[in-house]
Amino acid sequence: MQYHLNGYRYGDPTIHEAAAGREGAQGPLPESVDVLIVGTGPAGTVLAAQLARFPEISTRVVERRQGPLPVGQADGVSCRTVEMFDAFGLAPTLLNEAYWVNETTFWSPAPGNRDEITRSGQIQDVADGLSEYPHVIVNQARMQELLLENASTSASRLEVDYGFKALGVEIPEEPDTPVTVTLEETDADGKGTGATRTIRARYVVGCDGARSVIRTSIGRSLHGDAQNHAWGVMDILPVTDFPDVRKKAVMQSASGSLLQIPREGGHLVRYYVDLGDLPEGDRSVRERTTFEDILSAAQKALHPYTLEARDVAWWSVYEVGQRVTDGFDDVSAAQAGRLDPRVFIAGDACHTHSAKAGQGMNVSMQDTYNLGWKLAAVLQGRSPNSLLATYSGERQKIAEELIEFDKRWSRMIGSKAADVAATDVESHFVAGGEFTAGLSTVYERSLLTGGTEHQGLATGFAVGSRFHSAPVIRVADAKPEQLGHVHEADGRWRLYAFGDAVDAGDPDSALRALMTFLDESPESPVRRFTPAGAPDDAVFDVRAIVQQGHRSVGLNALPPFLFPAKGRFGLRDYQKVFSAERTNGRLLGSIPGLEATQDIYDLRGIDRERGALVVVRPDQYVAQVMPLASHAELAEFFASFMLEQD
C-alpha cells in the first residue's frame, strides 16, 4: 500500500480522501447518472466497489430492501475470488475471518451395513500450485458488507440508496440518449408503496436476481430445465459425534445425499440435504417442507452418527435447475455490430444453477469484475462504446460452461448411493478442482485477448487465463512480495516486463529498449493513450522483473521510466522493479504459498535468454505474451480499442 503521496495524512490509510464535491453526505437520488446499478447482490456490490474507484463517474446503487442483507445464501469463496478481493485490499480481512477448506472427505455406505456410512476418501481440497490463496467459506452478507464498506471509504464515498425497486427500463432509439429507469419506493417488507420516480442513466446494470425486472425489460429470458429434484439447506450450531464435522464432507448414504460445509467462526455448519425427486411441475415443496423435515433427513443420512441442532441461523428449500440467458446486454444478435449496449445484466439475472458447485456467488462477482473496468474506460473517454459489447461475448460463454459443470456435479452427488461408486464422486471432484477454484476461465482470442504465437516465452502465463502470481523480491526495499498482488482494481492495464539475460543497465538490454520505447516513442501506448497531465502509470502500470539478485541491481542504472514522478510533489515511485531471486524460505505474513523453492522464471516458464512481456487486463487476465522487442505489435494491440488522448 502506498499513501502520503500528497503530504502526510493522519489516520486509517484505507479510508481515502474524499474527492472534490464528495466530502459530505451522498444526498438523494439525482435525476441523471452515468451508471445505475440495480441490486446489491454479489454482482452489484463488486461493481459498486470497482466504479467507486472513479469519482469522476457518477454512480448510484439502488436496492429494494431497507438495509444491507443480514443473512446470505451463498458462502463458498473460490481461490479466484480471494485473488480478486486482494485487488480491492480486502483479502487479509477475508482470510482472517473465513473458514479455510483445507480437506474434503467422502463418505459412502459401509460395506457390511449399507444403513451406515463410513469414510471412503480424504483429499486436499485445492491442489498445490493452483493459487497462493485457499478456498474459504464466508457468509455472502459479510462479503457484500466488505465490498460496500470499500465503496463508502473510497474517494467517491459511494453509498447504497435503499428502499427502491426497479419497475422497468425504457431504451430510446437514439444511441447516444440516456435510458430511463422507473423506480418505486418500497416499505419495510420490500413491497412497493406506489410512489414512483424516474432516473436517467447512460448505462444500467441489472444485478436484481433471478426474477430480474431489468432482464425482462430488455427482452431477455432464462432458458434451461429444472431437474425436478429438491434440496434443503440449513445453517445450524450442531452437536454431533460425526468425526469430520469441521471438514467439508460429501456423503452418500442409502437414504440420500448430504453435503456438509463448515462455516466461519468455528461452530456454525451448513448442510445441503437431499430431499428427493419431485413430480414434474410440482412447485409446492417449499410450502410443505419444514426445518424438522430437513434435519430429520440429515440425521438419517449421517447414521450411525448423531446430529442435534442447538440453534438455527437460517434454512430454506430449493429446486435444482440450471438456466442461462442468450445474451447479457440489450443488443440482440441482429443488432450486434450496429448498436452499442446500454443495459446489462449480471449474476443470477442471467444465470441460475444449484449451490453444490459453490460457483454462483463467485461467477456473479466475476461477471461485474469483467464489466466494471470496461464501463470506466468508456466513461473516461479512453475506449470507444463498442468495447462494452465484449462483456456479453466473454461472460455468456463462461456461464454456459458453469451450467454444464453444475449439471454433471449435481447429478453425481444427487445420485443414489447404489447407482454411483464413492470413488466416482471423489474422482469427479478432483477432476473439477480447477473449475471449483475459479481458475478454469479462459477468454478466447478477441479484441482484448491475443493469440498464443509467443506463448513459449512464458508458458506459465497462459493467454486468456488469469495472471498466476508468484513470489519476487522488491528491489528498492528488499521486501518479499507476490507479484500478482500489485494489481489493484483500478482499471489500469499491467505490463509485466521480464528481463532478458542482458543486464537491464546495459544499452543492449531488450528490457531497457522496451522502457525507452514506452517512455520516448510517439507510438508508445503510454504516450498515446494516457491523458495529458496524468502520471505515466495512470493507464498502464509497467513493472520490471530482473534476473539479478536485488542487492546487485543499481537503481540509478535502470531506466528512469521505471520510477515515475507522481503527486503534487513529483515524488518517485520505487515499487516498480522486482528481482526474480528466490525468497529463500521467507514467508510473507500468514499467507500460505509464498515460500519459493524456485524463482518466478522457473515457476512460470519464462525464457531466461529472451525474457518476455506479459500484458494483463484490468480484470487480471493475461491478454498477450510477446517478445520484449515487439514494440509495434504492442502499440497496435492497444490502438484497436483505445482512443488517442490529448
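Helices here are DSSP runs of H or I with at least four residues, strands are runs of E with at least two, and both are numbered from the N terminus. On that count, the chain has 15 helices and 27 strands.

A word on the source. This is a predicted model, where local features need pLDDT of at least 70 and side-chain atom pairs count only at pLDDT 80 or more, while totals for chains, interfaces and linings use all residues. Residues are numbered from 1 along each chain as its sequence is written, and side-chain values use heavy atoms, with hydrogens and water left out.

Overall shape next. The C-alpha trace spans about 75 × 60 × 50 Å along its principal axes. The radius of gyration, taken over C-alpha atoms, is compared with a globule rule of 2.2 Å times the number of residues to the power 0.38. For 646 residues a compact globule would come out near 26 Å, and the chain agrees because it has 26 Å.

Buried means under 20% relative accessible area, exposed means over 50%, and partly exposed lies in between, with a 1.4 Å probe and protein chains only. Buried residues are 56% of the 646 in the chain. Contact means heavy atoms within 4.5 Å. Of the contacts with a separation of 6 or more, 72% join residues 24 or more positions apart.

Now two helix pairs. Axes are lines fitted to C-alpha atoms, for helices over the stretch in contact, and angles run from 0 to 180 degrees between N-to-C directions. Under 35 degrees is roughly parallel, over 145 roughly antiparallel, 65 to 115 roughly perpendicular, and the rest oblique.

First pair: α1 (residues 42–51) and α4 (residues 140–152). Their axes come within 8 Å and cross at roughly 20°. So α1 is roughly parallel to α4. From α1, the contact uses P42, T45, V46, A48 and A49; from α4, it uses Q140, Q144, L147, L148, N150 and A151.

A513, L514, F517 and L518 of α12 meet H631, L634 and A635 of α15.

Last, one residue. Is S364 buried or exposed? S364 counts as buried, because its relative accessibility is 4%. S364 sits in helix α8 (residues 360–379). Beyond its neighbours within four places in sequence, S364 contacts P42, A43, G347, D348 and H351. P42 also belongs to the α1 contact with α4.
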